[in-house]
Amino acid sequence: MRRVMPWLLTLVLLAGAWALDAVALPDGASEASFLTPATVGHAATARNLEVTVTDVRAAERITDPLGWSADGTWVVVELDAAARDSQYGATLGHAELTVGGRTFRATERGETFFRRLLVPGVPRSGAVAFELPPDARSGTASLRLGIPSDARYDGLVELTIDLDDVPVEESITLPATDWTRS
């Protein structure tokens with residue numbers, strides 16, 4: 001029995017180490033965002049943000065309400081958004097589209113909803129636009145929207161988009177960012 005006990009204890013400790021490794025969180029998990037899944041046409045909330053993605057479109061050219069335009073490979077996301085609790089620091093400061101392991105931030109060119117002020121209970125509507133390389137407008141994409149520009153430790157709304165199902169238009173005029181009429 002004395003010869004068997006060390007071997008049994010070793011097996012128990014190895015099994016415990018394997019189980020601990022299996023349930024341990026991955027590196028960076030303590031800084032990961034809290035993700036709220038979203039679907040087109042339905043409201044989703046993440047901490048101080050309530051957002052409804054109303055449409056996803058693609059185009060070869062976008063124009064803003066003031067006349068600025070740009071050619072390229074564009075994905076345009078139209079949305080309604082409002083702050084939930086506080087106006088302090090409430091802007092749509094995080095808008096990223098991840099396609100095939102590459103992450104693209106919403107354009108700051110032109111007049112879009114990106115970094116616009118949000119007010120509690122009073123939704124605004126508008127669009128954010130993403131300029132992608134031509135080879136990136138296919139496959140599955142993940143759109144993440146949130147209040148802070150640094151989304152660690154915070155909530156984000158996440159929408160999965162099948163870019164192959166998004167029809168490509170020749171040109172899109174971005175809607176003016178304005179108070180929602182609904």
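Predicted model: local features only at pLDDT ≥ 70, side-chain atom pairs only at ≥ 80, totals over all residues.
Guide: Residues are numbered from 1 along each chain as its sequence is written, and side-chain values use heavy atoms, with hydrogens and water left out.

Visitor: Why is strand 7 described as largely enclosed by the rest of the structure?

Guide: Buried means under 20% relative accessible area, exposed over 50%, and partly exposed in between, with a 1.4 Å probe and protein chains only. Seven of the nine residues of strand 7 (residues 124-132) are buried, so the strand is largely enclosed. A strand here is a DSSP run of E with at least two residues, numbered from the N terminus.

Visitor: How do you know that strand 7 pairs with strand 4 and with strand 12?

Guide: Two strands pair if DSSP finds at least two bridges between them. Nine bridges join strand 7 to strand 4 (residues 69-83) in an antiparallel arrangement, with Phe-130 as the bridge partner of Val-75. Strand 12 (residues 178-179) is joined to strand 7 by two bridges, also antiparallel; there, Trp-179 stands opposite Arg-124.

Visitor: What makes a set of residues a nonpolar core?

Guide: Its members are buried Ala, Val, Leu, Ile, Met, Phe, Trp, Tyr and Cys residues joined through side-chain atoms within 4.5 Å. The largest such core has 36 residues, and Val-128 and Phe-130 are among those with the most contacts inside it. Strand 4 and strand 7 are among the strands that each supply at least two residues of this core. Apart from it lies another core, of nine residues, including Ala-59 and Ala-127.

Visitor: Which residues does Val-128 touch?

Guide: With contact meaning heavy atoms within 4.5 Å, Val-128 touches residues including Val-75, Leu-92, Ala-106 and Phe-113, not counting residues up to four places away in sequence.

Visitor: What makes strand 1 an edge strand?

Guide: In the open sheet of five strands, ordered 1-9-8-5-6 with mixed pairing, strand 1 (34-38) pairs on one side only, as does strand 6 (102-105). Five bridges join strand 1 to strand 9, and these two run parallel.

Visitor: Why is Arg-47 called exposed, and why is Arg-115 called partly exposed?

Guide: Arg-47 has a relative accessible area of 52% and is therefore exposed, whereas Arg-115, at 41%, counts as partly exposed. Arg-47 is found in the loop between strand 2 and strand 3 and has a positive phi of about 45°. Arg-115 lies in the loop between strand 6 and strand 7, with a positive phi of about 65°.

How values were computed: Helix = DSSP H or I, 4+ residues; strand = E, 2+ residues; numbered from the N terminus.
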